[in-house]
Amino acid sequence: MSPEASADPSNLSQLANWDGAGGGFWTGNADRFDEGVAGYRARFLAAAEINETSHVLDVGCGSGQATRDAARAASAGTALGVDLSSARVALARRRAGLEGLTNVSFEQADAQVYPFPQQGFEIAISRHGAMFFGDPIAAFANIGRALRPGGRLVLLTWQPFEQQEWLRSLFTLLAAGQPVPAPPADAPSPFALSDPERIRSLLTSAGFADVALEGLAEPMFFGSDVEDALRFITGQHAGLLDKLSPVEREQAVGELRADLTRHLLGRGVFYESAAWLVHARWP
């Protein structure tokens with residue numbers, strides 16, 4: 001079955017992006033994206049409380065770092081990662097093979113409608129991968145049905161846009177004086193799970209109980225030096241720069257370089273970020 005046939009119609013635009021140019025950039029820069037949020041890695045894995053016999057589902061697994069972490073923790077269990085990007089899934093499979101992991105698998109799938117084995121997992125996790133569903137209630141209900149009674153859901157999601165120094169700064173600089181609209185908090189976007197009340201409402205409506213949020217804050221890594229960070233950021237946000245005139249573009253890149261210099265610490269370029277660690281239980 002083709003991905004188009006197996007994706008929910010509400011997610012076809014996300015499929016086009018993540019299985020297209022957007023996913024290609026993330027695949028080509030997989031290590032940089034993993035390094036960017038490395039400050040959250042240990043807390044996220046600890047919150048999942050994976051034991052050696054656990055069966056773990058990773059939603060929106062990307063290149064599979066969290067899935068492979070789960071597989072190592074569940075040494076006598078299994079880990080399944082699903083993602084809309086065929087390129088990222090292929091990379092995740094290659095890396096699992098290189099790491100000698102035999103209890104991990106990956107599928108290109110829309111978790112909103114994918115026929116997961118009923119009650120096949122004790123734990124579902126998602127590291128910044130569950131914010132893009134066209135119908136989040138249907139998606140979380142489908143994930144819940146894949147959990148055994150008492151199974152746990154652990155999500156890492158961004159706090160509101162206003163709490164993200166990294167994105168506020170980059171958007172402002174690359175907009176070259178134009179208005180900087182925040183990504184929507186009530187539609188598929190990185191901030192669709194940023195409002196605590198919306199998170200609780202969506203998860204309880206999907207059937208989860210005992211929803212709890214823990215606030216975390218960590219610096220995000222963008223490059224080993226200013227020019228390294230500049231190449232990465234201007235590549236990721238090339239669409240913003242393409243809207244500018246040559247003069248505006250030169251000015252924006254110059255101001256970005258200066259701001260990156262101000263954020264250059266001993267180990268590289270860092271900006272502040274804030275996330276929610278979300279816990280919920282499937283009754």
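**Salt bridges and core**

E214 is partly exposed, with a relative accessible area of 31%. For the terms: buried means under 20% relative accessible area, exposed means over 50%, and partly exposed lies in between, using a 1.4 Å probe and protein chains only.

Before I go on, this is a predicted model, where local features need pLDDT of at least 70 and side-chain atom pairs count only at pLDDT 80 or more, while totals for chains, interfaces and linings use all residues. Residues are numbered from 1 along each chain as its sequence is written, and side-chain values use heavy atoms, with hydrogens and water left out.

Back to E214. Its partner in a salt bridge is R43, with the closest N and O atoms 2.4 Å apart. By salt bridge I mean a side-chain nitrogen of Lys or Arg within 4 Å of a carboxyl oxygen of Asp or Glu. This pair links distant parts of the chain: E214 sits in strand 6 (residues 209-223) and R43 in helix 5 (residues 41-48), 171 residues apart. Helices (H or I, at least four residues) and strands (E, at least two) are DSSP runs, numbered from the N terminus. R43 is also partly exposed, at 39% relative accessibility.

By that salt-bridge rule, the count comes to 16. Here are two that are local.

In helix 10 (residues 196-206), E197 and R200 lie three residues apart, about one turn of the helix. Their side chains form a salt bridge at 2.9 Å, N to O. E197 is exposed, with a relative accessible area of 54%, and R200 is partly exposed at 31%.

The other is between R231 and D228, at 3.8 Å, N to O. Both are in helix 11 (residues 226-236), again three residues apart, so about one helical turn separates them.

Now the core. A nonpolar core is a set of buried Ala, Val, Leu, Ile, Met, Phe, Trp, Tyr and Cys residues joined through side-chain atoms within 4.5 Å. The largest one has 88 residues, and F140 and F222 touch the most other members. Strand 8 (residues 268-281) gives the most to this core, with seven residues.

What does F140 touch? Leaving out residues up to four places away in sequence, F140 touches A130, L153, L155, L193, L203, A206 and F208. Contact here means heavy atoms within 4.5 Å.
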